[in-house]
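Could you open the model in your viewer and keep the selection tool handy? We will take a short walk through it together.

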Amino acid sequence: MRKRIPTEWYFLLWGVLLFLGVFLANQFLNRYLLYILVLMGIYSIATVSLNLTNGYAGLFSLGHAAFMAIGAYTSTLLTFPLSLREAYELPMLPTFLGGPDAVWPFFPALCMGGLLASLAALLIGAPVLRLRGHYLSVASLGFVVIITTFAKTMKSITRGPMGISAIPSYTNIYWTYLWLFITVYVVWRLVNSRFGRAIMALREDETAAQVLGIYPMKYKLFSFVVGAFFAGVAGGLYAHFTKAIRPFEFSFFLTFQIVVMLILGGMGTIGGPIVGAVSLLALRYALKPLEEHFKIYGLIEIIYAVLLIVVMLFKPEGLVGRRKDTRRVLLGGKSHG
Amino acid sequence: MFSWSYFLQQSMNGVILGCIYALLALGMTVVYGILRLINFAHGALITIGAFFVYFIFFRAGINLAASLFLVLGFGGLMGLLLDAVAYRKLRGGPEVALLITSLGFYTFVENFMKMVVSPQPYAFKTPASLAVMYRTPLLTFRSIDIFIIVSSLLIMLAFNLFVKRTRMGIAMRATAENLEVARFMGIEVNRVISLAFVLGSAIAAFTGFLWGAKYGQISYDMGFLTGVKAFVAVVVGGVGSIPGAMVGGFVLGLAEILSTAFLPTRFAEYRDGIVFGILILVLLLRPAGLMGVKEEVRV
């Protein structure tokens, strides 16, 4: 029996509740807590989108930091105020993006960042996703290195290692949670569709899925590209939230954090990534005073790493996920997909 | 300007970097062949090995030869520990679980080193016996360069002999070929896997010393890119193939050094980008690698 999919109305109700919650939070919480809440929202978007590839499709991408960087730099460049462009030695926009005196509004700039991230995902994914095995992990990690290298060296666009500051502060709690809502909705719709069943079938057994007429490349690439889009948006939101971006912020460690959030929450679930993102950020800000007081920098990263290993060893389905009663492969050892 | 002497000099640098990649790739390809695991923790062993030698040789004053044997032993021990603590329980589960755990282990070591040692890089002086300069009309080199090349070749030769000639080596190849069947044939698969980790990790720790002695600097995050590049070498050479790993290492080392040496200087900053560009090119044009055979799919 197939589970009945909740109706759109059900989702709308959630949306209204979320909006109410955000409104109340915005009224009553202090600025520090609001700051953390927005950050939780942005990381949730990134984690939910990573879940599409890493959770549902069973590919293991490590490229999220790169896609976020693309989104962040794109939307920054598109929205950067004209009056500051000269002082910051940033180029005017070329004609096809609106000409030298154009400044993009926030929403289209974010979408553009997402689209460029998708395009990048298409370029990386097309050669790599044809192959079996974990080539995607290495290639996408390599892509992170390539993108940070470009961000450091293309000084005329990115100002190199010193990064761009004075980015207009557009991101607020409403924008963030609106995008989170859109992301969750899109992922949920995709997963509960023909497409979603196809990628999950590929995850469980690629050969069997192929026999049923599912062409792996198409579905894998699509999930990778959609995931990259929302990563790009999350990057854009992040840039307009912290108001300064530097290349090293988008390093492997950013990807790692998102991966830990996903694993902790539970791969392949709708709520898991959000639970993971929220609880790990809560932990991070709870431990921050401790870390600063004792000057033990790196403590939080160590805790993240230990948590990751412990979860993998003892509760691989995460906080939210249910344990699958998959047959263990006979005698243990590798399965051949 | 092109000159033969410059070309030779840079080629030698490329070969040396290639030796380092090849040694690392050796351990990674064996583990990947058996477990389909991209062992990110391999990079951590480079850092551990480098700092281990730094502390026992420079600080505690143990002599060089003894230090080198100790670092091999220590690396092997860490490999054994890593396998027993982090990986053994996950065998037979989804392959990706091992990958995730290895990422966790790498990050743990990196940040542990950052906290305990220092976020600043350490200067690693080349031991005096390895810092002797030799000048010839065409080449200038130090004894460390010779040491790296000779010791790498010896290790690779020994590893090859081990895999080809000994019972354990044959068991290892059989396990890589097909784990389940190997087990039916009475091979103790767990011991084979542990041994693969021990050997790979010992070599990686030793490579950490070579890196420090050659490039003069070690830091808490030195293993990350080096480790990932070593896996790129594995892919370039052909995944799962031992000769492929060595060839891949040399190709990658030469490509990295020569591209930096002969492209205009403003491209020098793109060095890491070039390595991963090569990876994507190889995946696009020849996914089985230079020496690999196409991975067959068994249902």
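Here are the stops, one selection at a time.

This is a predicted model, where local features need pLDDT of at least 70, side-chain atom pairs count only at pLDDT 80 or more, and totals for chains, interfaces and linings use all residues. Residues are numbered from 1 along each chain as its sequence is written, with chains lettered from A and ligands numbered from 1 in the order in which they are written.

**Stop 1: where the chains meet.** Select the contact, which takes 46 residues from chain A and 47 from chain B; two residues are in contact if their C-beta atoms, placed from the backbone, lie within 7 Å. Next, colour α4 (95-116), α7 (179-184), α9 (222-237) and α11 (271-285) of chain B, the elements that give two or more residues to the side touching chain A. Of these, α4(B) gives the most, with 15 residues. Helices here are DSSP runs (H or I, at least four residues), numbered from the N terminus.

**Stop 2: the core.** Now pick M68(A), A22(B), L26(B) and V232(B), which touch the most other members of the largest nonpolar core, a set of 202 residues. Such a core joins buried Ala, Val, Leu, Ile, Met, Phe, Trp, Tyr and Cys residues through C-beta atoms within 7 Å. Helix α8 (residues 189-215) of chain B supplies the largest share, 17 residues.

**Stop 3: two loop residues.** Centre on R36(B), in the loop between α1 (4-35) and α2 (41-59) of chain B. Its phi is positive, about 55 degrees, although R36(B) is not a glycine. R36(B) counts as buried because it has 23 C-beta neighbours inside 10 Å (buried means 20 or more, exposed 12 or fewer, partly exposed in between, with C-beta atoms placed from the backbone). Finally, jump to K243(A), whose phi is near 65 degrees. With 15 C-beta neighbours inside 10 Å, K243(A) counts as partly exposed.
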